[in-house]
Amino acid sequence: MNRAQIREAAIAATVDVGWLVVFVVGGRSSHRESASATEALEVFAPFAIALVVAWCLARAWRAPAAPFPTGASVWLITAGLGLLLRWAAFGRSTAFGFVIIGTFFLMITLLGWRMVAEWWRERRQASDNKP
């Protein structure tokens with residue numbers, strides 16, 4: 001990997017982690033739950049672990065900003081494994097509403113930012129190619 005590829009992968013990973021933080025903070029505040037760092041980490045941890053696994057299984061560093069297959073793979077693995085870990089390893093609730101909202105939010109964010117980035121990149125390339 002060259003420097004540009006490393007930079008792109010680092011940015012993409014940072015954006016993904018940032019969306020997980022928004023997911024946790026937003027969810028906790030919408031339910032008026034305490035701002036305890038320990039409790040927030042308990043919500044964040046299963047999804048962060050799942051995100052790392054998703055990046056490895058999808059080999060996301062190869063095309064980190066690609067919506068398909070990278071973004072879709074990262075989303076599906078992070079949501080599915082994150083929910084499984086939340087329930088099995090962390091002993092936390094996986095109520096049906098949480099599963100639906102969490103999966104949808106992660107789709108919109110982990111896949112969505114990549115779709116916007118691709119659209120922006122194509123738009124810039126089209127304007128660069130105009131005579």
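Modeller: A pocket here is an open set of points on a 1 Å grid over the protein atoms alone, where a 1.4 Å probe fits and protein lies on both sides within 12 Å along at least five of seven lines; lining residues have an atom within 4 Å of a point. Volume is the space filled by probe spheres set on the points, which are joined across faces, edges and corners.

Biologist: And where do the coordinates and numbering come from?

Modeller: It's a predicted model, so local features need pLDDT of at least 70 and side-chain atom pairs pLDDT 80 or more, while totals for chains, interfaces and linings use all residues. Numbering runs from 1 along each chain as its sequence is written, and side-chain values use heavy atoms, with hydrogens and water left out.

Biologist: OK, how much space lies in the largest pocket?

Modeller: About 360 Å³. Its lining has 17 residues, and Gly-27, Arg-28, Ser-30, His-31 and Phe-98 are the closest to the centre.

Biologist: Which element gives the most to that lining?

Modeller: α1, with seven residues. By class, the lining splits into seven nonpolar, six polar and four charged residues.

Biologist: What about the second largest pocket, what is its volume?

Modeller: About 220 Å³. Its lining is Glu-8, Ala-65, Ala-117, Trp-120, Arg-121, Arg-124, Gln-125 and Asp-128. Here α4 gives the most, six residues. The classes come out as four charged, three nonpolar and one polar.

Biologist: Switching topic: which residues have the most contacts inside the largest nonpolar core?

Modeller: Leu-20, Phe-47, Trp-55, Val-74 and Leu-106, in a core of 21 residues. The elements giving two or more residues to it are α1 (3-30), α2 (37-58), α3 (67-88) and α4 (96-128). The top contributor is α2, with seven. A core means buried Ala, Val, Leu, Ile, Met, Phe, Trp, Tyr and Cys joined through side-chain atoms within 4.5 Å.

Biologist: What does Phe-47 touch?

Modeller: Leaving out residues up to four places away in sequence, Phe-47 touches Leu-20, Phe-23, Thr-78, Ala-79, Gly-82, Leu-83, Arg-86, Phe-98 and Leu-106. A contact is heavy atoms within 4.5 Å.

Biologist: Now Arg-114: buried or exposed?

Modeller: Arg-114 counts as buried because its relative accessibility is 0%, and buried means under 20%, exposed over 50%, partly exposed in between (1.4 Å probe, protein chains only). Arg-114 is in helix α4, and its side chain reaches the backbone oxygen of Pro-64 at 2.8 Å. Its contacts beyond four places in sequence include Asp-16, Trp-55, Thr-70 and Val-74.

Biologist: And Thr-70, where is that?

Modeller: Thr-70 is in helix α3. At 5% relative accessibility it counts as buried too. Its side chain reaches the backbone oxygen of Ala-63 at 2.9 Å. Thr-70 also touches Ala-60, Pro-64 and Arg-114, among others.

Biologist: Backbone next: which residues does a cis peptide bond join?

Modeller: Phe-68 and Pro-69, with omega about 0°. Pro-69 is in helix α3.

Note on methods
Helix = DSSP H or I, 4+ residues; strand = E, 2+ residues; numbered from the N terminus. Nonpolar A, V, L, I, M, F, W, Y, C, P; charged D, E, K, R; others polar. Polar contact = N/O pair within 3.5 Å; in protein donor to acceptor, adjacent residues only side chain to side chain.
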